[in-house]
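Dear colleague,

I am passing on the structure below, together with some notes on its charged pairs and its nonpolar core. Please read the notes with the structure open beside them.

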Amino acid sequence: WRAMQFEGRKSRAIKTPMAQRDRSPDRFSRFDAHIQEAARLYQLPEAFLRAVMHVESNFDPNVVSVDGAMGLMQLMPGTAQKMGVQNPFDPRQNVLGGARFLRILANQWNGDLVRTLASYNAGSGAVERYGGVPPFSETRRYVNRVINHYYAYRSGTRLAQR
């Protein structure tokens, strides 16, 4: 037995009450300019950023997870600070900060999409320890959901916006 420090979130639960969540149909396109800017700046596919945002916050810039992750890309306070995000509830700052972090992770894993996503969710240390996606059911579900949304957005299907 040895203690291991978990670097990621413990759950996907959102603590923001349902009544306060953004459910308007235009939320799927409201942040297009920020997504396009981040995709160009960090050389990431728009569909990829959109898929992460969809799974993380369902395009609601004001949600907070039970673990304290905030905004569209669900940035943890320490990550937001490291990525230069002063206000994690500002959509532009949050998208740029999340995209910057994804670029760093993608570089770390030589563009491996699965390891990049697993690191975004569970932390790079967990991915290193397990030599890939950690055996956390939440992380495995997360990676699968993001990849499914990524392919849906990439193909232009409406499936991604459910």
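A residue is called partly exposed here when its relative accessible area lies between the 20% under which residues count as buried and the 50% over which they count as exposed. By that criterion Arg-115, with a relative accessible area of 27%, is partly exposed. Please keep in mind throughout that this is a predicted model.

Salt bridges

The structure holds 3 salt bridges, and Arg-115 takes part in one of them, with Asp-112 as its partner and 3.6 Å between the closest N and O atoms. Asp-112 is likewise partly exposed, its relative accessible area being 30%.

Another salt bridge joins the side chains of Arg-50 and Asp-32, with an N to O distance of 3.0 Å. This pair connects distant parts of the chain, since Arg-50 belongs to helix 2 (residues 46–57) and Asp-32 to helix 1 (residues 32–42), and the two are 18 residues apart. Arg-50 is buried, with a relative accessible area of 10%, whereas Asp-32, at 23% relative accessibility, counts as partly exposed.

A further salt bridge is formed by Arg-92 and Glu-37, whose closest N and O atoms are 2.6 Å apart. Here too distant parts of the chain are linked, with Arg-92 in helix 4 (residues 91–108) and Glu-37 in helix 1, 55 residues apart. Arg-92 is partly exposed at a relative accessible area of 38%, and Glu-37 is partly exposed at 22%.

The nonpolar core

The largest nonpolar core has 39 residues, and those that touch the most other members are Leu-49, Val-52, Met-73, Leu-102, Leu-117, Tyr-120 and Tyr-142. At least two residues of this core come from each of helix 1, helix 2, helix 4, helix 5 (113–122) and helix 7 (137–155). The most is given by helix 2, which contributes 7 residues. In soluble globular proteins, nonpolar side chains tend to be buried together.

A buried glutamate

Which side chain does the side chain of Glu-56 meet in a polar contact? The partner is the side chain of Tyr-142, at 2.8 Å, and Tyr-142 is also among the core residues that touch the most other members. Glu-56 lies in helix 2 and is buried, because its relative accessible area of 3% falls under the 20% limit.

With best wishes

Note on methods
Residues numbered from 1 in each chain as written. Predicted model: local features only at pLDDT ≥ 70, side-chain atom pairs only at ≥ 80, totals over all residues. Heavy atoms only, no water. Salt bridge = Lys/Arg side-chain N within 4 Å of Asp/Glu carboxyl O. Helix = DSSP H or I, 4+ residues; strand = E, 2+ residues; numbered from the N terminus. Buried < 20%, exposed > 50% of the residue type's maximum accessible area, 1.4 Å probe, protein only. Core = buried A, V, L, I, M, F, W, Y, C linked by side-chain atoms within 4.5 Å. Polar contact = N/O pair within 3.5 Å; in protein donor to acceptor, adjacent residues only side chain to side chain.
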